[in-house]
Amino acid sequence: MTGRAGTADTDADRQIREVLAKPCKTGFVVTAGAGSGKTTSLVKALAYVAADRRVQLRARTQQIACITYTEVAAAEIHGDVQDDPLVHVSTIHSFLWGLIAPFQHDIGTWVEARIAAKLAEIDDDLASARTAAKRDSLNSDRARYERQLATLKTIRTFTYGVGPDYGRGQVGHADILKMVPQLLIERPLLAKVVAARFPFIFVDESQDTEAAVVAGLIHVYRTVSSDFCLGFFGDPMQQIYPAGIGRIPAEPDWTLITKPENFRSSRRVLEVVNRVRAAADGDQQLHGRPAEQTPDGHAYFFILPATADRVDSMNAVRRWLTLRTSNTDWLSDEPGGAKILVPMHKLAARRLGFINLHTAFHPKKPPALAAAFVDGTAWPITPFANVILPLCKTGNDGAALRILRKHSSLLRDLTGESVVRARLTAAREAIAALRTIVAAAGPESIGHALKTAHNNGLIDPVPQLACYLDPEGPHRDQVISDKTREILDAFMACDVRELDGYFRYVSSQSPYSTQHATKGAEFSRVVVLIDDSEGPFPSFSYDKLLGITELSATDRENTANGKDNAVDRTRRLLYVCVSRAREELAVVIYAANVEAAILALKVNQLTDQPLTLNEILNDLAAASTPTT
């Protein structure tokens, strides 16, 4: 193989191969810091097993399983192993569904228990409901679940989709993460089937894999007696999702492997990376490239007053960086320019013009739908990405028909010339109406466009959205929570023009990205924007990390009990952010008290020379003054 598999081995790669060469049940955990080439080690492990065990695996119709975090990562790894059919690469959800899909009876039993649990929750809520409206809502949900329960008896095959539709035999994303690990533990036969089908299972980004999934896989390891290898690749310091397990609870007989090299960052950037990590676990990364191939790079810290205009002050920082490094990419807003990492999506939303859209998906205590919004997969928005906006932007009838054939049932199952003609006429009229709505835009235009597309059959929305748009339609037994309904109501009131900025953002076509969304990515130049003053972000606090703000009672209690806390979470997030930079890094901190922030940076040994706004402006003024 070429590419990653053909690169020079590190000590970690050699240790992994030693484990994989053992013809017995074994396991290992690879801890690899940012920029260490974790994925390279994973690909090398896949390539080694595929080459060493190919004849044996083929004879037994077995595969090597590689579980990763996203479809993009799965496609990348597939390419690295040259689409070898012996290697089964998939996301966590897809892998788990592939395991359970043949066991339809077990799925039905689990769904039945799930609905029964929901009914029990409703009964508890009814007992404490204080208003007639709340009781009516709960009784309505109870009736829907009871109809779903009755319908289960007629379902022969369950499928898997974005959200659950139990009454029509569909389980959702969240169900998969609960159901399959539970059944792996409760059904001994399932664990044996998994080990027999996949004698090697490697898990990428293990620190952000849910604990239940890890527990299920470890249970498989414990229960099988045949040759079986379970390997985890990750870094607890890069755990930034609360559902992630963090450190893998290794079995006593497993091999623990550390990969300390950093092949990504320049010298100055790596200094910052190591300083951020030092207070967490003390681990320090080493330059993986020869000295002559490792650039010095640049790394700067800026302390700006919270009272400063955010746009003007950030532009001043970018101009100063251009002046100091002689690189105009700092000023570019195009892809390939400097990447600006913000702590909250709200900051990017305000700057890119989709603040109302952001607000709609972020009520107090937002449901999982809010998380899907930030990565562009929220099911209320996907009809605009896949159908509505593409139909409005194309003037080509052929292109419009291709979009509808792929995403709409309007042009499927056509029989007879008259039916075809009627459907095509209906499609043209519906598209024309849709284009008029989108062109006019304005408040509530998202709702108008969505209803028009749905009523005319241009879209086939997920069951929850179909029920919301047509409460008495085929999906009327869907249960929509109050929080989800609140999001949908606010979404329908938004202006369709906000979607342009939103889609630029989630497709990485703007200079902005959140600090959460860049895990695994790298950029030549990075600006990390730290600003606790622009809105509450309770799980993270840079002011607490730096010691500017006192810890809460909960933080102190969690720290004393060895539990995760705001300081730990924020340090991990900062580590992920600063380690995205290959060559140049700028950390910009907006502070209510500039002097206190400067002192905090020095006390925390993050930098000895933070720059202030006055120093930046003075340097810029001096540079623009003509010399005589």
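A charge sits over a ring if NZ of Lys or CZ of Arg is within 6 Å of the ring centre and within 35 degrees of the ring normal. Welcome to a predicted model, where local features need pLDDT of at least 70, side-chain atom pairs count only at pLDDT 80 or more, and totals for chains, interfaces and linings use all residues. Residues are numbered from 1 along each chain as its sequence is written, and side-chain values use heavy atoms, leaving out hydrogens and water.

**Exercise 1.** Find which ring Arg 277 lies over.

*Solution.* Start at Arg 277 and look for the ring whose face it covers: this is Tyr 575, with the ring centre at 5.0 Å.

**Exercise 2.** Work out how helices α11 and α25 are oriented to each other.

*Solution.* First, locate α11 at residues 267-278 and α25 at residues 566-578; helices here are DSSP runs of H or I with at least four residues, numbered from the N terminus. Then take the angle, about 170°, and the distance between the axes, 9 Å. The axes are lines fitted to C-alpha atoms over the stretch in contact, and angles run from 0 to 180 degrees between N-to-C directions. Angles over 145 degrees count as roughly antiparallel, so α11 and α25 are roughly antiparallel. Finally, list the contact residues (heavy atoms within 4.5 Å): α11 gives Val 269, Val 272, Val 273, Val 276 and Arg 277, while α25 gives Arg 571, Leu 574, Tyr 575 and Val 578.

**Exercise 3.** State the box that the C-alpha atoms fill.

*Solution.* Along the principal axes, the box is roughly 85 × 65 × 55 Å.

Terms used
Helices (H or I, at least four residues) and strands (E, at least two) are DSSP runs, numbered from the N terminus. Angles under 35 degrees count as roughly parallel, over 145 as roughly antiparallel, 65 to 115 as roughly perpendicular and the rest as oblique.
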